[in-house]
Amino acid sequence: MLRYVARRLLTAIPVLWIIVTITFFMMRLAPGGPFSRERVMPAEVQKMIEERYHLDEPLVKQYFRYMGNLLRGDLGPSFRYKDRSVNEIIAAGLPTTLQLGSLALLFALLVGIPAGCLAAFRQNSAVDYAAMSFSMVGVSVPNFVVLSTLIYFFAVKLKILTVSGWGRWDQMICPVVALGLMYSAYIARLSRAGMLEVIRQDFIRTARAKGLPERLVIIRHSIKAGLLPVVSFLGPAGAAILTGSLIIETISGVPGIGREFVNSALNRDYTLTIGTVILYSGFLIIFNLAVDIVYAFLDPRIVYE
Amino acid sequence: MTNDNEKTRAAADVQPVKGTSLWKDAWRRLLKNRMAVAGGALLILIACAAILAPTLTPYAFDEIHLSDGNHPPSREYPLGADHLGRDLLTRILYGGRVSLAVGIVATFVSIIIGVSYGAAAGYLGGRADNIMMRFVDILYGLPFMFLVILMMVIFHNAPAEKKLYLLFIGLGAVQWLTMSRITRGQTLSIKTKEYILAARTSGAGVFRIISRHVIPNLLGPVIVYATLTVPAVMLEEAFLSFLGLGVQAPMASWGSLASDGRQSLDTYPWQMIFPGLALAITLFSLNFLGDGLRDALDPQMKDQK
């Protein structure tokens with residue numbers, strides 16, 4: 001198992017390297033630079049700034065300089081936010097994004113799993129249809145529409161929640177629900193399908209036949225196997241919630257790292273863009289690995305070599 | 001040589017007979033699924049409305065009536081007007097063309113890449129298969145959506161038409177990975193069928209076997225997955241439009257209309273609600289149709305995704 005984890009982490013290195021390289025050169029291919037949008041500067045000042053950020057060097061040299069710093073864990077200075085390094089910006093925004101993401105994921109699990117299980121155990125009943133229609137709505141409405149609608153009704157009309165900001169519960173509900181809704185819908189569908197598959201199996205019939213109360217049949221025997229599809233979905237979902245939070249953070253004024261990504265790319269803040277891309281890829285890799293490990297614990301048939 | 005050709009044709013002739021019964025069977029099963037039929041009918045209606053847009057409304061999609069800015073829904077403007085007094089219904093109808101085109105073309109791109117890649121990997125087998133699928137595994141770790149965003153940012157100032165092509169290719173490229181996995185799995189089982197052996201004995205080359213015998217027989221699952229890809233792509237387009245990276249004004253898509261309307265949600269709610277609704281209803285129908293097709297064509301696939 002340990003060897004498996006080690007090997008997975010080792011294969012992550014070339015992946016990250018490819019991503020960094022692609023992003024680095026893609027950014028440089030783009031027209032415009034980090035300083036080209038500001039007021040026209042005297043040529044000398046321009047030159048000094050370029051020298052300071054090593055923009056006057058050949059691209060390949062800049063690339064190796066960047067990679068060298070990266071190996072030491074230094075993501076470089078931000079081109080846009082004067083006197084702030086990318087490490088600092090990420091350290092400042094990441095906790096908020098993680099908080100938003102994990103609350104949204106929690107919401108998705110708390111709504112999705114019970115809805116899916118209920119639908120599976122009462123297949124083709126009104127509960128089933130209601131849960132599945134709800135989940136269909138969840139996957140069909142873009143999250144910025146959901147968030148705007150929530151804000152419109154609960155903050156603007158009813159005035160029980162706050163329009164924007166982060167920290168108090170009345171600020172957090174709208175973004176968390178809007179971000180989590182789509183995932184709760186997927187989770188509901190997956191857990192329903194998984195449960196339906198499991199409750200037809202022999203060991204469930206055995207459990208029922210030996211007189212186990214229905215509650216125990218569900219809790220002790222079905223849930224673990226039935227929720228495997230949900231677990232495997234959590235890998236990509238966990239990472240995708242970070243991307244999704246990009247929009248949510250912009251609308252709700254959440255001071256996270258998600259909204260920095262698009263802004264930095266638009267501003268040609270090269271280092272900050274690559275920094276956020278590395279962050280996201282790292283999450284994707286770690287989440288997928290974590291899922292595979294959890295899988296092995298949940299399903300005794302899986303053995304990693 | 002003629003003999004060879006005849007044999008191949010004879011081998012090919014076997015499929016339509018089997019194919020028709022399979023398709024007929026699936027068709028019958030699909031018709032029984034009321035939600036899927038309703039979804040399909042609604043989709044045809046929406047597509048017709050989008051195609052016939054010029055005959056359905058008296059306005060041009062960029063026709064400005066400044067004096068009617070933000071006009072609420074009325075007889076003149078059935079769904080209201082935007083801040084420039086452009087008829088919202090007209091814009092939604094024309095926006096539907098763009099949204100549907102992006103969804104369909106990008107899905108088509110993903111099918112072409114994914115199916116040829118997956119079929120080649122599955123059919124060649126052995127080491128080629130191993131390398132090709134390992135490559136897909138690595139790509140799964142890439143934050144594709146980030147790269148698409150980056151690409152759209154970089155070509156932010158490109159002409160609107162070019163950006164539309166980029167959108168097609170970029171969004172298609174995000175989706176082909178799963179498509180190639182599904183195709184490969186199918187190919188592995190098709191490969192062992194007698195008609196492939198027959199084709200090979202009669203001297204057909206690898207390319208011919210893949211294109212004439214393998215691909216036509218794995219279309220079922222591919223169509224199912226494609227129907228579910230279209231809504232995913234359309235959501236991604238809406239997501240990009242929200243960031244201002246999708247289609248460009250004066251062109252509009254449902255996503256960009258909803259995102260424009262969001263800014264005036266408190267005062268003129270219809271400007272977001274109607275485009276959002278158009279998008280949601282379409283995705284809703286597509287999802288129901290996709291689910292129905294999956295149940296009809298390929299009951300085995302029910303638990304995937």
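A nonpolar core here is a set of buried Ala, Val, Leu, Ile, Met, Phe, Trp, Tyr and Cys residues joined through C-beta atoms within 7 Å. In the largest such core, which has 154 residues, A:Ile187, B:Ile92 and B:Ile149 touch the most other members. Helix α4 (residues 88–124) of chain B gives this core its largest share, 17 residues.

Some ground rules before the details. This is a predicted model, in which local features need pLDDT of at least 70 and side-chain atom pairs count only at pLDDT 80 or more, while totals for chains, interfaces and linings use all residues. Residues are numbered from 1 along each chain as its sequence is written, and chains are lettered from A and ligands numbered from 1 in the order in which they are written.

**Confidence**
- pLDDT is the predictor's confidence in each residue, from 0 to 100.
- Chain A has a mean pLDDT of 82, with 95% of its residues at 70 or more.
- Within chain A, confidence is highest in helix α4 (residues 86–121), at 89, and lowest in helix α2 (residues 43–52), at a mean of 75.

- Helices (H or I, at least four residues) and strands (E, at least two) are DSSP runs, numbered from the N terminus.
- Chain A has 12 helices and zero strands, and chain B likewise has 12 helices and zero strands.
- Along the principal axes, the C-alpha atoms of chain A fill a box of roughly 85 × 55 × 30 Å.
- A residue is buried if 20 or more other C-beta atoms lie within 10 Å of its own, exposed if 12 or fewer, and partly exposed in between, with C-beta atoms placed from the backbone.
- By that count, 40% of the 305 residues of chain A are buried, and for the 305 residues of chain B the figure is 48%.
- Two residues are in contact if their C-beta atoms, placed from the backbone, lie within 7 Å.
- Of the contacts in chain A with a separation of 6 or more, 73% join residues 24 or more positions apart.

**Where the chains meet**
- At the interface, 32 residues of chain A are in contact with 35 residues of chain B.
- α1(A) supplies the largest share of the side of chain A that touches chain B, six residues.
- That side of chain A is made up of 25 nonpolar residues, six polar and one charged (Ala, Val, Leu, Ile, Met, Phe, Trp, Tyr, Cys and Pro count as nonpolar, Asp, Glu, Lys and Arg as charged, and the others, Gly among them, as polar).

**Two residues to look up**
- Leaving out residues up to four places away in sequence, A:Ile187 touches A:Ala108, A:Leu109, A:Gly112, A:Ile113, A:Gly116, A:Val230 and A:Phe233.
- A:Phe297 sits in helix α12 of chain A.
- A:Phe297 counts as exposed because it has 11 C-beta neighbours inside 10 Å.
- From A:Phe297 to A:Asn267 is 30 residues in sequence and 45 Å in space, C-alpha to C-alpha.

**Helix α2 of chain B**
- The 18 residues of α2(B) (residues 34–51) reach 26 Å from first C-alpha to last, close to the 26 Å expected at 1.5 Å a residue (1.5 Å times one less than the number of residues).
- Its buried residues are B:Ala36, B:Gly39, B:Gly40, B:Leu43 and B:Ala50.
- Seen down the axis of α2(B), these buried residues fall within an arc of 100°, so they line one face of the helix; the arc is that of the directions from the helix axis to the C-beta atoms.
- On the other side of α2(B), the exposed residues are B:Arg34, B:Ala41, B:Ile44, B:Leu45 and B:Cys48.
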